[in-house]
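Welcome! Please take a look at the model below before reading on.

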Amino acid sequence: MSLRQFIDQAVSPWMQGDGPDGDIVLSSRIRLARNLDDYAFPIMATVDQAKKAMEYIKDHLNGASYHGLGKFEWVEMSRLKPIEKRVLVEKHLISPNLAEDSNYSAALINETESISIMINEEDHLRIQCLFPGFQLNEALTLASGVDDWLEEMFNFAFDEQRGYLTSCPTNVGTGLRASVMVHLPALMITQRMNRIAPAINQFGLVVRGIYGEGSEALGNVFQISNQITLGKSEEDIVEDLRGVVMQLIQQEKAARRDLLSYSKIQLEDRVYRSYGVLKYSRVIHSKEAAKCLSDVRLGIDLGLIKGVSRNILNELMIITQPGFLQHYFKEALEPDERDVRRAILIRERIQMEENQ
């Protein structure tokens, strides 16, 4: 497989677009948690109960299609190799929990990979819709449509006072998690993020790493999401998140302007040093790669680096992850070997960009 083919297949089609405020907001996601009324919830289910629930869902959804978004592919976790599951996690198509708890669990993924429905994760159904850039309302509209479509086939566990019932009490009510993935290098460089993150928490939102709860914010990329699901409508939850993210975008833009005004030489030095590391290094760790990619993306966005697409960050942040590296090179790699192969892949990708 050529590198170009690998990138085309590794990067989800929905990621190849450049959405609103795409210089800061990498993606928008809506996730809805739903459970079947007549089956034990996954966290309490026996093996036999989990099997029956999955078979029931599969009978209704295997081979299904939704409103011109292509057919869905049924992917059973037990049939995947560990590396294949890791790749799906790195593409944000399934959660780490689904990859680990592989007995009688699955994912239903559409052709553009903009919709992923996880089966028998923490809940029976977890509907996920992804859009490039800052498109929370669009993602909510799509997720609500998919939810209505599924509700025609399944009876969901629902209480008139509490709303949708979920395995985790923090999801009861709407069952909605709205989130955006944001790239905030200037706020990190100026150390303003240390003050902003606690303030975001006061609005009922949470700041996490790129793979959600418990993960690390690699490459100055953060996930901002709601914590409250009960007592507010889905629209209000999304609007609250939108308002905070809009303020965050303005703060990041202001920090970028300040860096250009007061520390331009130092910023250029940082950006070009990182570009040199990516372009010439023979060994590079994932954290160093993420940091350098963040710097280069900032340099591209500010016009300091010409002739390189900003999508290079999106691509390389995915294809240099451990699962993808091993998938591309078709062999199990020790950490030291991955650092060498990661450097090779980055050099090849940058050379491809410069030759276009």
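Is R310 buried, exposed or partly exposed? R310 counts as partly exposed because its relative accessibility is 23%, where buried means under 20% relative accessible area, exposed means over 50% and partly exposed lies in between, using a 1.4 Å probe and protein chains only.

A word on the basis of this report: this is a predicted model, in which local features need pLDDT of at least 70 and side-chain atom pairs count only at pLDDT 80 or more, while totals for chains, interfaces and linings use all residues. Residues are numbered from 1 along each chain as its sequence is written, and side-chain values use heavy atoms, with hydrogens and water left out.

**Salt bridges**

Side chains of opposite charge can pair when their charged atoms come close. A salt bridge here is a side-chain nitrogen of Lys or Arg within 4 Å of a carboxyl oxygen of Asp or Glu, and the count by this rule is 27. Three of these pairs are listed here.

| Pair | N to O distance |
|---|---|
| K91 and E113 | 2.9 Å |
| D301 and R310 | 3.1 Å |
| E353 and R349 | 3.0 Å |

The salt bridge between K91 and E113 links distant parts of the chain, 22 residues apart: K91 lies in the loop between α3 (82-90) and α4 (96-100), and E113 in the loop between β3 (106-110) and β4 (115-119). Helices (H or I, at least four residues) and strands (E, at least two) are DSSP runs, numbered from the N terminus. Both K91 and E113 are buried.

E353 and R349 are separated by about one helical turn, because they sit 4 residues apart in helix α13 (residues 335-355). E353 is buried, with a relative accessible area of 7%, and R349 is buried too, at 3%.

D301 and R310 also belong to a network of salt bridges that links them with D18, E252, R256 and R297.

**A pair of helices**

Helix α9 (residues 264-280) and helix α10 (residues 286-301) have axes that come within 8 Å and cross at roughly 125°. That makes α9 oblique to α10, since angles under 35 degrees count as roughly parallel, over 145 as roughly antiparallel, 65 to 115 as roughly perpendicular and the rest as oblique. The axes are lines fitted to C-alpha atoms over the stretch in contact, with angles running from 0 to 180 degrees between N-to-C directions.

Residues of α9 including L267, R270 and Y275 meet residues of α10, among them E288, C292 and L298; contact means heavy atoms within 4.5 Å.
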